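Subject: Structure handover

Hello,

Here is the structure I promised you. Please open it first, then read my notes below with it on screen.

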Protein chains: 2
Amino acid sequence: MGNADYSYPDNFNSATNHHHVAVPPPQPFVKSLKNTLKETFFPDDPLRQFKNQPPRKKFILGLQYIFPILEWGPRYSLQFFRADLIAGITIASLAIPQGISYAKLANLPPILGLYSSFVPPLVYAVMGSSRDLAVGTVAVGSLLTGSMLSDVVNHNDDPKLYLHLAFTATFFAGLFQAGLGIFRLGFIVDFLSHATIVGFMGGAATVVCLQQLKGILGLDRFTHETDLISVMRSVFTQIHMWRWESAVLGCVFLFYLLISRYFSKKKPKLFWISAMAPLISVILGSLLVYLTHAEKHGVEVIGQLKKGINPASITDLNFDSNYLSAAIKTGIVTGIIALAEGIAVGRSFAMFKNYHIDGNKEMIAFGMMNIAGSCTSCYLTAGPFSRSAVNFNAGCKTAVSNIVMALAVMITFLFLTPLFHYTPLVVLSSIIVAAMLGLIDYETAIHLWHVDKFDFVVCMSAYIGVVFANIEVGLVLAIGLSILRVLLFVARPKTLILGNIPDSVVYRSVDQYKNTNNVPGVLILEIDAPIYFANSNYLRERISRWIDDEEDKIKSSGEIGLQYVILDMSAVGNIDTSGISMLEEVMKIIERRGLKLALANPGAEVMKKLNKSKFLEKIGQEWIFLTVADAVGACSYMLHTCKPKMTSEEYGSNV
Amino acid sequence: MGNADYSYPDNFNSATNHHHVAVPPPQPFVKSLKNTLKETFFPDDPLRQFKNQPPRKKFILGLQYIFPILEWGPRYSLQFFRADLIAGITIASLAIPQGISYAKLANLPPILGLYSSFVPPLVYAVMGSSRDLAVGTVAVGSLLTGSMLSDVVNHNDDPKLYLHLAFTATFFAGLFQAGLGIFRLGFIVDFLSHATIVGFMGGAATVVCLQQLKGILGLDRFTHETDLISVMRSVFTQIHMWRWESAVLGCVFLFYLLISRYFSKKKPKLFWISAMAPLISVILGSLLVYLTHAEKHGVEVIGQLKKGINPASITDLNFDSNYLSAAIKTGIVTGIIALAEGIAVGRSFAMFKNYHIDGNKEMIAFGMMNIAGSCTSCYLTAGPFSRSAVNFNAGCKTAVSNIVMALAVMITFLFLTPLFHYTPLVVLSSIIVAAMLGLIDYETAIHLWHVDKFDFVVCMSAYIGVVFANIEVGLVLAIGLSILRVLLFVARPKTLILGNIPDSVVYRSVDQYKNTNNVPGVLILEIDAPIYFANSNYLRERISRWIDDEEDKIKSSGEIGLQYVILDMSAVGNIDTSGISMLEEVMKIIERRGLKLALANPGAEVMKKLNKSKFLEKIGQEWIFLTVADAVGACSYMLHTCKPKMTSEEYGSNV
């Protein structure tokens with residue numbers, strides 16, 4: 001094996017002006033573990049305000065932390081209340097028809113939709129930190145509950161068991177949500193990327209619309225599957241069963257709802273036109289049926305609704321081992337979807353009004369509201385975007401608008417349920433379709449295509465998975481692809497050749513900056529990711545290939561032979577033991593070729609590990625430089641003063 | 001909302017010397033996709049040597065690529081053959097007793113161990129590219145095959161079905177291995193990190209040793225579980241059944257094997273002492289039993305072994321749907337474990353001798369050898385470390401040593417099988433235990449603890465999972481933790497405050513370099529990971545917190561107020577649409593506080609996306625700098641010439 005003489009001249013440090021790379025002082029293991037855990041689980045430092053406070057103050061702050069109402073309540077004013085009253089009544093007028101419709105989507109009795117707009121908003125008003133979120137049942141959550149529970153129990157065969165399982169699933173959803181918040185695992189929700197949510201919501205909305213064909217066409221029998229192909233087959237094999245009365249009514253109301261939304265979108269001041277439209281549709285539809293007795297001509301109606309306040313359902317929770325796993329699974333899936341939507345909605349309004357939402361705290365609030373809901377005949381609730389947007393546009397100031405809404409809904413189910421007797425189901429279907437069409441966000445999908453192709457693929461795979469297979473497939477596909485992207489980023493990191501930017505000591509990628517100059521005899525490579533087990537084999541191959549390429553280029557151009565390889569470690573955030581072995585191997589490969597390896601700007605974490613693994617001793621601390629410019633300076637100095645004894649031509653003889 | 005006047009002075013660019021950050025020219029989508037796919041699947045550019053060659057030469061190169069023997073065969077010399085002959089006979093002497101022992105471990109007839117050392121080595125000699133790998137059955141693969149197939153079929157109840165399933169699993173293992181290689185998915189194996197493999201191998205070795213207690217103690221009944229607790233219970237509830245004859249014999253041979261290994265380790269020249277020891281043990285043990293008739297005193301022997309060459313087994317492959325999923329699962333798990341070990345062993349010897357191993361090509365060779373094996377009565381084979389190390393120490397030159405071994409084994413099962421009739425099982429157990437003890441690499445585990453705590457945790461979780469639960473649990477646990485680490489790196493990226501290194505234009509982490517100086521009025525933050533959906537919420541919170549901290553510090557020290565936040569993007573390898581939204585939000589947050597955001601050194605990929613998403617227009621191209629020093633220069637210039645109208649004190653009024 002050739003032994004090139006690369007001994008470092010003693011006078012070098014004084015000859016060039018070069019700084020040493022610091023090895024961070026050793027930290028006790030417990031302390032560094034504590035720091036890591038803190039950054040992982042408490043990145044927002046929620047205990048910050050508790051520091052240096054007397055115990056009494058700490059107790060009050062603690063209470064205010066758990067119940068934000070104690071913080072803003074004392075400052076509440078009559079002016080605020082006027083705004084919240086208007087907003088609350090507006091969202092109630094939306095909540096009542098939507099609640100009834102979404103309950104049908106979950107195959108649950110319609111009255112549950114009203115119950116669910118009573119208790120959970122009250123809990124949220126006390127514990128939630130968003131001022132704009134309007135609480136209630138959500139279409140996608142309802143659909144998911146319906147489709148997942150129908151896999152184990154048929155809601156027609158055993159409606160009681162089905163109902164109890166819905167409560168149990170809601171209980172587990174709440175438990176899971178609160179658990180995520182309490183154990184500060186909120187970042188799990190971050191793995192549902194924006195692209196995933198857009199695709200998933202669009203797909204779910206499409207599926208929900210397809211399901212409404214049953215109501216709009218007035219069909220009796222319908223498939224239990226949710227995918228496009230099954231639904232289309234079900235619809236078109238029953239053409240002779242289509243009821244034109246129902247279809248006409250549905251299309252008219254749908255047209256009215258869409259037109260009113262179009263106007264509200266054009267002039268945000270007219271938000272109430274679109275907010276009131278569902279209630280007006282229900283009233284008009286009910287009147288029409290009542291007057292024409294259309295219920296006897298193929299237009300189905302809601303029928304009898306039970307009067308009275310939410311009955312307790314804590315004894316209905318069903319922990320029977322036969323159904324437990326289904327209930328837990330439904331709870332976790334619906335719970336996480338509800339969180340992802342709810343927190344994103346809360347955050348975007350908070351960003352508008354410039355206040356701060358603590359994700360983990362919100363999760364606890366969502367969880368408590370669902371646990372309380374499951375004990376009082378409510379099913380899964382969250383913060384639907386449509387209702388929250390109406391709340392925001394109606395000028396709500398605090399969560400009091402939720403309280404107002406809850407009271408308005410209470411009055412409805414205490415006294416007004418008979419009014420819904422003649423409400424045609426087809427109107428509910430129109431309301432759902434109109435709401436769902438707003439969730440299909442094709443503009444964002446186009447934006448994703450322009451900006452980031454991979455995000456677009458993630459979005460479309462969620463959409464296609466949901467529409468053509470089922471909701472779980474779409475979700476798993478999209479999350480899997482998102483995670484694959486992160487893994488691929490690490491598994492296949494970019495390696496870039498750097499060159500000198502003229503008239504500077506700056507070295508940048510030759511691909512990005514076209515005017516860079518090569519440094520003769522020196523190859524400078526930047527590695528753009530942490531060096532981990534997942535990429536160490538790749539990086540070894542890739543670095544060898546860069547050296548091959550460079551030597552080929554030099555051979556054909558007849559320039560000065562390659563003598564030094566500099567790895568710019570600025571972007572290497574961390575390294576593991578596989579990565580260190582890789583560096584050792586690369587050093588061996590490079591030395592066998594008669595070249596010399598230098599590192600530029602390794603970070604604290606990397607230096608610590610290189611030091612502990614004795615790599616620093618092997619490469620020599622003097623071959624580690626603060627900047628690429630220092631490294632190039634040292635290499636150029638050596639190139640011109642002390643020639644190595646072995647040239648790269650001798651390399652072949654070692655094989 | 002405060003509107004600070006941050007308009008950029010027109011004369012600024014001429015007043016300071018600052019370079020622009022280039023937006024890379026738009027690339028056609030198809031071209032960039034092609035580049036990405038090439039880097040992902042062909043990082044080693046295997047078609048490089050085919051470039052600019054005449055078709056005839058291309059064909060020859062192609063054949064040589066698939067069958068490396070065509071490349072080195074013509075240069076083969078007598079001198080090489082002498083070396084390979086010695087090495088081949090040495091590894092045959094190890095292969096025969098090991099083959100019989102490992103087949104027992106897989107609950108398969110002992111003769112299969114010999115068959116498996118005949119066909120696969122011949123295939124590998126033709127297709128493999130390692131010169132040092134000795135092919136044969138492996139302990140961990142045998143154990144895995146045994147434990148996974150025993151879950152579906154009891155080998156005592158239906159030995160024929162069990163045997164056929166073993167062939168089928170081997171077939172699928174080969175198919176999977178070859179598929180990985182052909183579709184260039186070899187990097188999947190990289191996700192088994194070195195730490196995982198060390199822990200997993202150690203755990204599997206422990207489990208195998210525990211299973212040998214049955215043979216050594218001469219027990220008839222034994223648990224089918226592999227975990228420590230079940231085995232200990234099984235051993236200690238049958239104390240009265242222990243056979244001292246068997247135990248004494250086992251301990252004596254184990255002692256002899258360990259002593260011989262100890263000597264060989266001390267003096268590598270004496271490698272043959274340890275290589276021959278298993279065969280000598282078998283011969284001595286058989287003689288002893290033959291002479292003392294110990295088989296009638298509680299020492300079990302192998303008994304009759306069938307004479308003759310491998311029978312064809314292609315018609316025995318069982319694709320019955322009842323067992324298909326078990327066979328496929330066993331095939332995939334054993335296949336990937338065999339690959340991980342085999343390729344790591346091949347690579348480490350290649351590194352010693354300075355030649356190159358192509359991972360994907362090796363996978364095809366392993367796959368073909370197992371497919372061929374499954375049709376000729378062989379079960380799973382790979383490149384065991386122990387045998388390859390003996391091969392290497394014995395001075396092998398090429399894969400011809402595998403051919404020699406195969407022929408020696410063939411002679412054995414053609415003519416010498418009656419000699420194994422009296423071989424006591426306890427000797428085989430001792431051979432297995434001795435081999436397994438060498439796999440428990442506690443020194444590496446200690447090294448991992450010193451260098452990288454997380455790698456140590458991964459290693460120990462694999463070990464503990466395998467020993468206390470089962471092999472699959474250990475494997476899933478370790479891979480899951482390894483992937484979690486990658487995800488956590490991205491989900492919780494480091495953000496570092498930078499300061500100026502005295503007498504330079506270099507900015508580095510103030511934690512790593514203690515002598516850095518703050519720049520008054522400017523906060524410089526480095527982000528150490530790609531900005532993806534998984535960390536965009538975290539980064540927004542963390543950046544806000546850094547600004548809070550900085551303002552608190554400034555308030556207490558009475559320095560010049562914070563005016564600029566510079567994000568150093570050097571280490572941000574990529575950004576997705578969630579990340580871009582985060583940057584927009586951060587810009588808003590910063591501007592609401594009356595501060596100004598600047599970016600330093602975004603890479604090509606990041607600039608491309610910032611441009612496409614119009615973020616560049618929003619922030620202003622002039623607020624993007626080539627280096628941190630440029631950004632600081634511009635900020636300092638602005639601080640001293642044009643004061644912004646709004647100070648950070650006004651911030652509170654916006655809430």
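One definition to begin with: the expected span of a helix is 1.5 Å times one less than its number of residues. Now try it on helix H24 of chain B, residues 577–592. Those 16 residues should span 22 Å. The end C-alpha atoms are 23 Å apart, which agrees. Keep in mind throughout that this is a predicted model.

Stay with H24(B) for a moment. Its buried residues are B:Thr577, B:Ser578, B:Gly579, B:Ile580, B:Met582, B:Leu583, B:Met587 and B:Ile590. After the helix comes B:Gly594, with a positive phi near 80°.

**Chain A as a whole**

Chain A holds 27 helices and 6 strands. Its C-alpha atoms fill a box of roughly 105 × 70 × 55 Å along the principal axes. The radius of gyration of chain A is 32 Å, whereas a compact globule of 655 residues would be near 26 Å. Buried residues make up 51% of the 655 residues in the chain. Look at the contacts in chain A with a separation of 6 or more: 83% of them join residues 24 or more positions apart.

UniProt has an unreviewed entry that lists residues 512–635 of chain A as "domain: STAS". That span is 51% helix and 15% strand. Its end C-alpha atoms lie 24 Å apart.

**How the two chains meet**

The contact takes 74 residues from chain A and 74 residues from chain B. Which helix gives the most to chain A's side? Helix H22 of chain A (residues 471–491) does, with 8 residues. By class, the side of chain A that touches chain B has 33 nonpolar, 22 polar and 19 charged residues.

Start with B:Ile371. This residue lies in helix H16 of chain B, residues 359–374. Setting aside neighbours within four places in sequence, B:Ile371 is in contact with B:Phe171, B:Gly174, B:Leu175 and B:Ala178. B:Thr168 is 203 residues away from B:Ile371 along the chain, yet their C-alpha atoms are separated by 9.4 Å. B:Ile371 is partly exposed, because 19 other C-beta atoms lie within 10 Å and a buried residue needs 20 or more.

Most residues other than glycine have a negative phi. A:Lys614 is not a glycine, but its phi is positive, about 70°. Find A:Lys614 in the loop between helix H25 (604–612) and helix H26 (615–619) of chain A. B:Asn107 is not a glycine either, and its phi is positive, about 60°. B:Asn107 sits in the loop between helix H5 (78–105) and helix H6 (111–115) of chain B.

Are these two residues buried or exposed, or in between? A:Lys614 has 14 C-beta neighbours inside 10 Å, so it counts as partly exposed. B:Asn107 has 22 C-beta neighbours inside 10 Å, so it counts as buried.

Best wishes

Technical notes
Residues numbered from 1 in each chain as written. Chains lettered and ligands numbered in written order. Predicted model: local features only at pLDDT ≥ 70, side-chain atom pairs only at ≥ 80, totals over all residues. UniProt positions renumbered as here; feature names shortened; annotations may be inferred. Helix = DSSP H or I, 4+ residues; strand = E, 2+ residues; numbered from the N terminus. Contact = placed C-beta atoms within 7 Å. Nonpolar A, V, L, I, M, F, W, Y, C, P; charged D, E, K, R; others polar. Buried ≥ 20, exposed ≤ 12 C-beta atoms within 10 Å, placed from the backbone. Rg over C-alpha atoms; globule rule 2.2 N^0.38 Å.
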